[in-house]
Amino acid sequence: MKSLFRLSAILLLLLIGTSCSNDDDNYTTPVIVTFTANLTPVTGATSSASGSATLKLNQTNKTFDLKVNFSGLTPIHGHIHAADGTIVIPFPDASVSTSPISVSGSITDAQITELMANHYYVNLHTTAYPNGEISGALTKTGTSGGDGGGGGGGY
């Protein structure tokens, strides 16, 4: 009788162990990298405008969410630029006239590499300063996620 009880207990433990190892083990929490920028007047702009930007990069899914807050100006264009001034991610013009500006989309491996190297900056353009009134470099401020399994996550 004791043997039957032990065998039943062992089978029950095996069954419980098997049911706990399901498809959730294949889930990886996305790696989220946060970048921030302090937007100040660009060289030559006599402006009291200011702003800030936060970009959340979902490195796992190769997507981003950007939020730009500003005051003291009315932008006509906004972009993320590469260090050489090339526009990398344009903001839809309809979204830039009021604060906050929200932009999201996909991002390439090459863009991720440049972003991780702190080679990108946010620039808001106005009628008075068509080349940009305020700008700020996006710098990495934190990383979360990527725990390798077990569910949860997101941002």
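User: Which strand does Gly142 lie in?
Analyst: Gly142 is part of strand β9, residues 139-144. Strands (E, at least two residues) and helices (H or I, at least four) are DSSP runs, numbered from the N terminus. This is a predicted model, in which local features need pLDDT of at least 70, side-chain atom pairs count only at pLDDT 80 or more, and totals for chains, interfaces and linings use all residues. Residues are numbered from 1 along each chain as its sequence is written, and side-chain values use heavy atoms, with hydrogens and water left out.

User: And what does Gly142 contact?
Analyst: Leaving aside neighbours within four places in sequence, Gly142 is in contact with Ile32, Val33 and Thr34. Contact means heavy atoms within 4.5 Å.

User: Is Gly142 partly exposed or buried?
Analyst: Gly142 counts as partly exposed, because its relative accessibility is 25%. Buried means under 20% relative accessible area, exposed over 50%, and partly exposed in between (1.4 Å probe, protein chains only).

User: New topic. Where is Asn123, and is it buried or exposed?
Analyst: Asn123 is found in strand β7, residues 120-125. With a relative accessible area of 4%, Asn123 is buried.

User: What does the side chain of Asn123 reach?
Analyst: The side chain of Asn123 reaches the backbone oxygen of Asn131 at 3.2 Å. Beyond four places in sequence, the contacts of Asn123 include His77, His79 and His81.

User: Now helix α2. Which of its residues are buried?
Analyst: In α2, residues 109-116, the buried ones are Gln111, Ile112 and Leu115. They lie on the same side of α2, because they cover an arc of only 100° around the axis. The arc is that of the directions from the helix axis to the C-beta atoms.

User: What covers them?
Analyst: The cover includes β1 (32-41), β2 (50-58), β5 (87-90) and β7. That brings back β7, the strand where Asn123 is found.

User: Which residues are exposed on the other side of α2?
Analyst: Ala110 and Thr113 are exposed there.

User: What comes after α2?
Analyst: Asn118 follows α2, and its phi is positive, near 60°.

Key. Polar contact = N/O pair within 3.5 Å; in protein donor to acceptor, adjacent residues only side chain to side chain.
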